[in-house]
Amino acid sequence: MSTYWTLLEIRDKIQRDLDLEGETFIGQTELDSYINEGIDEVERQIHTLNEDYFVTRTTISLVSGQEEYTFPTDVYAMKIRGIVYRNGTTVYQLSRVKDWRKFEEYELLKAGTSYNAMYGYMLVNSTAGSPKILLAPTPLENGAYLKVWYLRNANRLVAESDVMDIPEAVNYVIQYAKVRCYEKEGHPNLQKAIADLEMEKADTIATLANIFPDTQNELEADMRLYNEMS
């Protein structure tokens, strides 16, 4: 089982390796920022290689007459993997209003004249820092009926007890922080540290690219259109 490192453990490891204990040139706050920079970089790679590493879910409660709903607070780059409506035995996945003629399609859904009477959704970003999920038609019911599957952010380390939730990448994050320390110090070992960082990056990417819950890696055929026409 993977070991989950805390911020304190990561920081102590870096300080011991670089003999930084008690040094004031690179303080604790600055070192913590380097650690989180490394996490940001790994997170970006994960969302490119294996985005479902961070898949999670939440429930949205519909409110009659309300068409806009707030994103989960920890969502990564507004990435919604899917929204499922479930009310008793009625279950279906909401269709995202497609880019082509999406504004017309949205108005058709609101008017109830679309070929599909089920909810559809689109994403809007009208207010800085407050993106919304826009439903159509506007709900006329109340209830916790929407299950939203989305990609979350990696855990940021603020408190010393905070846990880094990408255990496969802890060595990369440690080496990344060491490189940033060497850069600030103008250390003669900087170039070697950069080379070591590239090796850690390659190893980390190779590991993360091959994380699957099982050996089922065949491409799935989408037979929904065929079934609907049969």
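Is Asp196 buried, partly exposed or exposed, and at what relative accessibility? In this predicted model, Asp196 counts as partly exposed, with a relative accessibility of 25%.

**Salt bridges**

The count of salt bridges comes to 14.

| Pair | N to O distance |
|---|---|
| Lys13 and Asp17 | 3.2 Å |
| Glu30 and Lys184 | 2.6 Å |
| Asp196 and Lys192 | 2.9 Å |

Asp196 and Lys192 are separated by about one helical turn, because they stand 4 residues apart in helix H5. Lys192 counts as exposed, at 54% relative accessibility. A network of salt bridges with shared partners joins Arg11, Asp32 and Glu160.

In helix H1, Lys13 and Asp17 are likewise 4 residues apart, so about one helical turn separates them. Lys13 is partly exposed, with a relative accessible area of 27%, and Asp17 is partly exposed at 37%.

The salt bridge between Glu30 and Lys184 ties together parts that are 154 residues apart in sequence, because Glu30 lies in helix H2 and Lys184 in helix H4. Both partners are partly exposed: Glu30 has a relative accessible area of 22%, and Lys184 has 34% relative accessibility.

**Helix H4**

Helix H4 spans residues 170–185 and reaches 23 Å from its first C-alpha to its last, close to the expected 22 Å. Its buried residues include Val170, Tyr172, Ile174 and Cys181. Among the elements covering the buried residues of H4 are helices H1, H2 and H5. Just after H4, Gly186 adopts a positive phi of about 65 degrees.

**Sheet**

An open sheet of 4 strands has the order E2-E7-E6-E5 with mixed pairing. Strands E2 and E5 form its edges. E5 runs parallel to E6, joined by 2 bridges; Arg96 has Tyr121 of E6 as its bridge partner.

Note on methods: Residues numbered from 1 in each chain as written. Predicted model: local features only at pLDDT ≥ 70, side-chain atom pairs only at ≥ 80, totals over all residues. Heavy atoms only, no water. Pairing = 2+ DSSP bridges. Expected span 1.5 Å × (residues − 1). Buried < 20%, exposed > 50% of the residue type's maximum accessible area, 1.4 Å probe, protein only. Contact = heavy atoms within 4.5 Å. Salt bridge = Lys/Arg side-chain N within 4 Å of Asp/Glu carboxyl O.
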